[in-house]
Amino acid sequence: MERILLVEDDVAISDMVRSYLTNEGFKVDPVFTGKEAINRFISNSYDLVLLDLMLPEINGMDFLQTLRQNSFVPVIITSAKDGEADKALGLGFGADDYITKPFSMIELLARVKAAIRRSTQYKESTQPEVPAILTIHEIEMDIHNFIVKKNGQEMSLTSKEWNILKLFFENPKKVMTKEQIYHSVWDDHYYGDDHVINVHISRLREKIEDDPTKPEYVKTVWGIGYKLGEFK
C-alpha cells in the first residue's frame with residue numbers, strides 16, 4: 001500500500017482528500033503545518049507528498065527545499081496560486097507536479113498515480129545490482145553465503161543482526177529511522193517500540209565494534225535513528 005504525506009492546513013480540504021485517497025487504497029497521513037510535515041517525514045517513509053504552499057510555521061516552499069536536501073520522493077504541489085511564476089518557482093524548487101485549487105478528485109488521483117508510477121519505474125531502472133561481497137572498512141559480508149568476517153575472522157550473527165547489518169551496508173550514506181529498520185528487518189508495521197530495535201543494535205555492536213560504547217560502524221543519529229559510520 002502506497003503511503004502519502006498530505007500537507008494541508010485547510011481541515012475541510014484535508015479531510016476530503018484523505019477520505020477520497022484512502023478509499024482508493026492509499027494510506028494517507030494528514031499534517032497541518034510545515035514544521036509538523038518535516039517531523040513526520042523524517043520519522044516515516046513515504047511514496048508521495050501532497051503539499052500546500054500557504055502553511056503556518058514553515059511555508060510549503062521552505063519545506064520543499066528542506067525535503068529535497070535528502071529525498072527524491074515525488075511531490076505534488078496543491079495551491080490556490082495559479083500564476084505561471086508560482087508554478088515555475090515550485091517546479092524549480094523540486095516539485096514533480098503542480099495542481100491548482102479547486103481541483104477535482106479524479107484529476108488529483110490521476111496525477112498521484114502517475115507520479116508514483118514514474119518514481120517506481122525510475123527506481124527500478126536505476127537500481128544497481130547488489131554485489132555478492134559487501135566490504136566496509138574491516139568488515140566483509142558474503143551476501144550469498146551468509147558469512148560475515150572482521151579482519152578475516154568469521155563472526156556469528158543472528159538472522160536479525162545479519163539483516164540489520166546488511167541493511168546498513170546496502171545503504172551506506174543513508175540515515176535509517178527506527179521505523180525503516182523495523183519494517184525492513186521484521187517486515188511488519190512499527191508501533192513505536194524502540195526496545196526491540198535498541199536491544200538488537202546493542203547486541204550487534206557488541207559483536208562488530210572494537211569498543212561498543214564508542215561505535216564506529218553503527219552510529220546513532222539522535223532523534224532520528226542510525227547510520228553506517230564513514231571510514232577514510
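Which residue in S12 is the bridge partner of Met176? The bridge partner is Tyr226, and the pairing that contains this bridge is described below.

## Basis of the model

This is a predicted model, in which local features need pLDDT of at least 70 and side-chain atom pairs count only at pLDDT 80 or more, while totals for chains, interfaces and linings use all residues. Residues are numbered from 1 along each chain as its sequence is written, and side-chain values use heavy atoms, with hydrogens and water left out.

## Overall architecture

The protein chain contains 8 helices and 12 strands; helices (H or I, at least four residues) and strands (E, at least two) are DSSP runs, numbered from the N terminus. The C-alpha trace spans about 65 × 35 × 35 Å along its principal axes. Of the 232 residues, 42% count as buried, where buried means under 20% relative accessible area, exposed over 50%, and partly exposed in between (1.4 Å probe, protein chains only).

Contacts are defined by heavy atoms within 4.5 Å. Among those between residues at least 6 apart in sequence, 54% join residues at least 24 apart.

## Surface and charge

The protein chain exposes about 13,100 Å², and carbon and sulfur atoms supply 50% of this area. Accessible areas come from the Shrake-Rupley method with a 1.4 Å probe; for residues, only the protein chains shown count as cover.

There are 28 positive and 37 negative side chains, and the centres of the two sets lie 2 Å apart. Lys and Arg count as positive and Asp and Glu as negative, with His and the chain ends not counted. Each charge is placed at NZ of Lys, CZ of Arg, CG of Asp or CD of Glu.

## The sheet of S6 to S9

An open sheet is formed by 4 strands in the order S6-S7-S8-S9, with antiparallel pairing. S6 and strand S9 (153-155) stand at the edges, each with a single partner strand, so one side of each has no neighbour in the sheet. Neighbouring strands are turned by 25° against each other on average, direction ignored. Two strands pair if DSSP finds at least two bridges between them.

Strand S6 (residues 133-136) is joined by 4 bridges to strand S7 (residues 139-142), and Thr135 has Glu140 in S7 as its bridge partner. The hairpin of S6 and S7 has 2 residues between the strands, and His137 takes a positive phi near 55° there. Leu134 and Ile136 form the covered face of S6, whereas Ile133 and Thr135 form the uncovered one. A further 4 bridges join S7 to strand S8 (residues 147-150), where Val148 stands opposite Met141.

## The sheet of S10 to S12

In the open sheet of 3 strands, the order is S10-S12-S11 and the pairing is antiparallel. Its edge strands are S10 (176-177) and S11 (218-221), each pairing on one side only. Strand S12 (residues 225-228) is joined to S10 by 2 bridges.

Thr177 belongs to strand S10. At 4% relative accessibility, Thr177 counts as buried. Not counting residues up to four places away in sequence, Thr177 touches Ile42, Ser43, Ile224 and Gly225.

## Helices across the sheets

Helix H6 (residues 159-170) lies across S10, S11 and S12, at about 65° to S12. H6 also lies across S6, S7 and S8, running at about 105° to S7. Helix H8 (residues 194-208) lies across S11 and S12, at about 145° to S11. Axes are lines fitted to C-alpha atoms, for helices over the stretch in contact, and angles run from 0 to 180 degrees between N-to-C directions.
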